[in-house]
Amino acid sequence: MSEPSTTQNTATIRLTVAQALVRFLAAQYTERDGERQRLIAGTWGVFGHGNVAGLGQALVEYADVMPFHQGRNEQAMVHAAVGFARQRGRLATQAVTTSIGPGATNLVTGAALATINRLPVLLLPGDYFAAHTADPLLQQLEHPTQADVSVNDALRPVSRWFDRITRPEALIPAALQAMRVLTDPAETGAVTLALPQDVQAEAFDWPEEFFAERVWHIRRPAPDPAELATAADAIRAARRPLIVAGGGVHHSAAEEALAALADATGIPVASTQAGKGSLRHDHPADVGGIGHTGTAVADHLARTADLIIGVGTRYTDFTTASGTLFQHPHVRFVNLNITAFDAHKLAAATVVCDARTGLTALREALAGHRVADAYAAEYRDGKQRWEEVVEAALRAPDDSAQPTQTQVIGALDEVVGDEDVVINAAGSLPGDLHKLWRARSPRQYHLEYGYSCMGYEIPAAIGVQQAAPGTPVWALVGDGTYLMMPTEIVTAVQEGLPITVVLLQNHGYASIGGLSESVGAERFGTAYRYRAADGSFTGDPLPVDLAANAASLGMDVLRAKTVGELRAALRTARGADRPTCVYVETDPTPTAPPAEAWWDVPVAGTSTREAAIRARETYVREAAARRRHL
């Protein structure tokens, strides 16, 4: 629901469509719990034909009310906006404008990431001439049977709302619908308004009330009394309940409500990648990550739990260990989620509501109820044993050693403060971080693991830094991720944003290489090595200097060869006032705890190669434990 703050009238103002859109966006606000802020805090853009004469001119015209940020890659601009939106708790986001053609299609990956992660971003790609006066124009897709199709239609399946503005007056309902979806906690994701370039420049007489300040209230729906009572009854009857905290806890700012419920009932809390940090790592009820990359204590509790209470989680295959994790013969589920779609997963008893409102109501409904002392003692003992595993993985034997990947995490753990934000998305780092990172605050652990998109980290760090100026922001990237999308380093330099990129060089795709080996693909195509004349690869790494590359893009670079040098470099970087890269070549020796649960990656059903035959035997054995919860 939205409320314009001025009285409606019949006065008009003559503007182009692009000018009207920019002025409209600058007047949109959100409000939740009495806190009001700009919904569209700025616009990212790479200009070309299709947006330079329309939105480009409008952004110049209204530069005083709409901040502009120059990007280098369209996908990266979406990642930056998504990072901004997540840091602001989905109460604010940024818009992204592109040209037609490849500029527009480069948005697709970022849009998918935003929609999968339920994070708002507004996409404004240019489009063909609505009047077809120039047809076909440069970069236009010609479809033999559908003249109204453009490359922007590729954005339809990854957008929560899509419209093409083919007439000026169509902007009014489309813009209002776009804001509705962006601010709806149950529907939000990528929103696309495709803008034909001739329509962008067309003048129109707009009602003045279209540009009045409009406040979009972010609702907190309460649970249905009957659903709440059913959930409370199920929890009271359970002997081994376990809460699974997902990203919805953070989106709803429900961390304190979750802690209050855990304190009152003693129910342990495990977290998904998106939900980690819902409780501080040292809270007695926090048992760490769950699933394929989970902790030993959390996964043991999940296997033996008779009731799983999901809060704001989508139950991805990493969380459920591909349907093999929840093994109690009579396990049932209660799901508290703002979307009915997610609440109904795993045949759960549903509580469709805002996470904070629902957790508060559930605590009140469970007044006086606590788990048995023996159960609480069991998981707290398990938590202590796991902490010893964490310490062994994070600490190097001495400061002169070349650090392993987990020891890099350990050095960072020693340096960060409670307010720092650590960003990662893909490779082997997410698994190590989920198991080992000690989250100190709700926003500190920023893992994009809904889409696990290589290249997300650096632009997302830019967005987070824009959303929270003065906050130390760390982008943890491996060499594979860095090579995907380093170009926004230039943007960080241009904008004067003091992000720190921690660049781990292990000369290959370590995560997918390990997976390849486990499924019988023998690490094929996962290392950076010279190709010999006979087509085989040598054992020598390529002479690639990624630190020099980062320096060439404008970063200050600190090279570290030992654990001691790394710790010192991280401290220096944390105090820097400009973009800084800490570069370290890691010892590939595995020091991370092994996976505590399975992940389903199908193995070849028949093969002549021994590695694949053995992997198939393991696969069949593990898959036998899969369950459908009905």
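Me: What makes strand β16 and strand β17 a pair, and in which sense do they run?

Reply: Two strands pair if DSSP finds at least two bridges between them. Strand β16 (residues 307-311) and strand β17 (residues 332-337) are joined over 5 bridges in the parallel sense, so they meet the rule. In one of the bridges, isoleucine 309 has valine 334 of β17 as its partner. This is a predicted model, in which local features need pLDDT of at least 70 and side-chain atom pairs count only at pLDDT 80 or more, while totals for chains, interfaces and linings use all residues. Residues are numbered from 1 along each chain as its sequence is written, and side-chain values use heavy atoms, with hydrogens and water left out.

Me: How do you know where a strand or a helix is?

Reply: Both are DSSP runs, numbered from the N terminus: helices are H or I over at least four residues, strands are E over at least two.

Me: What is the order of the strands in the open sheet, and what makes β15 and β18 its edge strands?

Reply: The order is β15-β14-β13-β16-β17-β18, with parallel pairing. β15 (286-289) and β18 (349-352) are the edges, as each pairs on one side only. Neighbouring strands of this sheet are turned by 20° against each other on average, direction ignored. Such angles run from 0 to 180 degrees between N-to-C directions, and the axes are lines fitted to C-alpha atoms, for helices over the stretch in contact. Helix α8 (residues 225-237) lies across β16, β17 and β18, at about 130° to β18.

Me: Why is arginine 621 called exposed?

Reply: The cut-offs are under 20% relative accessible area for buried, over 50% for exposed, and partly exposed in between (1.4 Å probe, protein chains only). Arginine 621 has 54%, so it is exposed. Its place is in helix α24 (residues 610-623).

Me: How many residues of strand β22 are buried?

Reply: In β22 (residues 500-505), 6 of its 6 residues are buried. In a regular strand the side chains alternate between the two faces of the sheet. Here Thr500, Val502 and Leu504 are buried on one side, and Val501, Leu503 and Gln505 on the other. β22 pairs in the parallel sense with strand β21 (residues 473-478) over 5 bridges, and 6 bridges join β22 to strand β26 (residues 580-585), also parallel. Leucine 504 stands opposite valine 584 in β26.

Me: Which residues of α11 and α15 meet?

Reply: Contact means heavy atoms within 4.5 Å. Ala296, Val297, His300 and Leu301 in α11 meet Tyr375, Glu378, Tyr379, Gly382, Lys383 and Trp386 in α15. The contact residues divide into 6 nonpolar, 2 polar and 2 charged. In this scheme Ala, Val, Leu, Ile, Met, Phe, Trp, Tyr, Cys and Pro count as nonpolar, Asp, Glu, Lys and Arg as charged, and the others, Gly among them, as polar. Helices α11 (residues 296-304) and α15 (residues 373-394) pack at about 145°, with their axes 8 Å apart.

Me: Which residues of helix α10 are buried?

Reply: In α10 (residues 255-265), Glu255, Ala257, Leu258, Ala259, Leu261, Ala262 and Thr265 are buried. They pack against β13 (241-245), α9 (247-251), β14 (269-271) and α14 (355-365). Just after α10, glycine 266 takes a positive phi of about 75°.
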